[in-house]
Amino acid sequence: MARNAKNTRMCSGCMARRDKAELVCVNNFNNNVTIGFAITKKEGRSAYLCPNESCLEKSIKKKAFSRHLKCELPSDFYNNLKTFVTSLIKE
C-alpha cells in the first residue's frame, strides 16, 4: 500500500491501489495514446496498470483502457502494450 494517498492510483486490471511510480501509465492527450511510466504530470486522461501479464489480460478482457481513456484505441495498441509489459517482466 502506498504511503501517500495523493500518489496512489488504481490498476485497471486487478483494481488494487499502488504507488503511481510502480504502475505503467497509459495516457491519452488529443487522441495521442502513449505508454510509459508516470514520472511527471501529464495532460489528458490516464489509466494505470500493474506491470504483470495477469493484470494486462484482465484489463484487455474488460476493455478497461478504451473506457478509462474515453477514446477509440489504435489497432496496434494492445500489441504495443503487451510488448512493453513483457519487456519489463524480463528485466
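Colleague: What makes Phe65, Phe77 and Tyr78 a cluster?

Modeller: Ring pairs link these three residues. Rings of Phe, Tyr and Trp (its six-membered ring) count as a pair if their centres lie within 6.5 Å; planes under 30 degrees apart are stacked, over 60 edge-to-face, and the rest tilted. This is a predicted model, in which local features need pLDDT of at least 70 and side-chain atom pairs count only at pLDDT 80 or more, while totals for chains, interfaces and linings use all residues. Residues are numbered from 1 along each chain as its sequence is written, and side-chain values use heavy atoms, with hydrogens and water left out.

Colleague: How many aromatic pairs does the whole structure contain, and why is the pair of Phe37 and Phe84 called tilted?

Modeller: The search finds three aromatic pairs. In the pair of Phe37 and Phe84, the ring centres are 6.0 Å apart and the planes stand at 55°, so the pair meets the distance limit and falls in the tilted class. Phe37 lies in strand β4 (residues 32–37) and Phe84 in helix α3, so the pair ties together parts that are 47 residues apart in sequence. Helices (H or I, at least four residues) and strands (E, at least two) are DSSP runs, numbered from the N terminus.

Colleague: How do you know whether Phe77 is buried or exposed?

Modeller: Buried means under 20% relative accessible area, exposed over 50%, and partly exposed in between, with a 1.4 Å probe and protein chains only. Phe77 has 3%, so it is buried. Tyr78, at 24%, is partly exposed, as are Phe84 at 23% and Phe37 at 31%.

Colleague: What makes you say that the buried residues of α1 line one face of the helix?

Modeller: In α1 (residues 53–62) the buried residues are Cys55, Leu56 and Ser59. Seen down the helix axis, they fall within an arc of 100°, so they line one face; the arc is that of the directions from the axis to the C-beta atoms. An α-helix has 3.6 residues a turn, so residues three or four places apart point the same way. The buried residues of α1 pack against β5 (45–49), α2 (64–69) and α3 (77–90), where contact means heavy atoms within 4.5 Å.

Colleague: Why is Glu53 counted as partly exposed, and which residues does it touch?

Modeller: Glu53, found in α1, has 38% relative accessibility, so it lies between the two limits. Not counting residues up to four places away in sequence, Glu53 touches Val85, Thr86 and Ile89.

Colleague: Why are β3 and β4 said to pair?

Modeller: Two strands pair if DSSP finds at least two bridges between them. Strand β3 (residues 24–29) and β4 share six bridges in the antiparallel sense, so they qualify. Val26 stands opposite Ile35 in β4. The open sheet has three strands in the order β4-β3-β5, with antiparallel pairing.

Colleague: What makes β4 and β5 edge strands?

Modeller: Each of them pairs on one side only.

Colleague: What makes the phi of Asn30 worth noting?

Modeller: Most residues other than glycine have a negative phi. Asn30, in the loop between β3 and β4, has a positive phi near 55°. At 65% relative accessibility, Asn30 counts as exposed. Lys70, in the loop between α2 and α3, also has a positive phi near 55°, and with 63% Lys70 is exposed.
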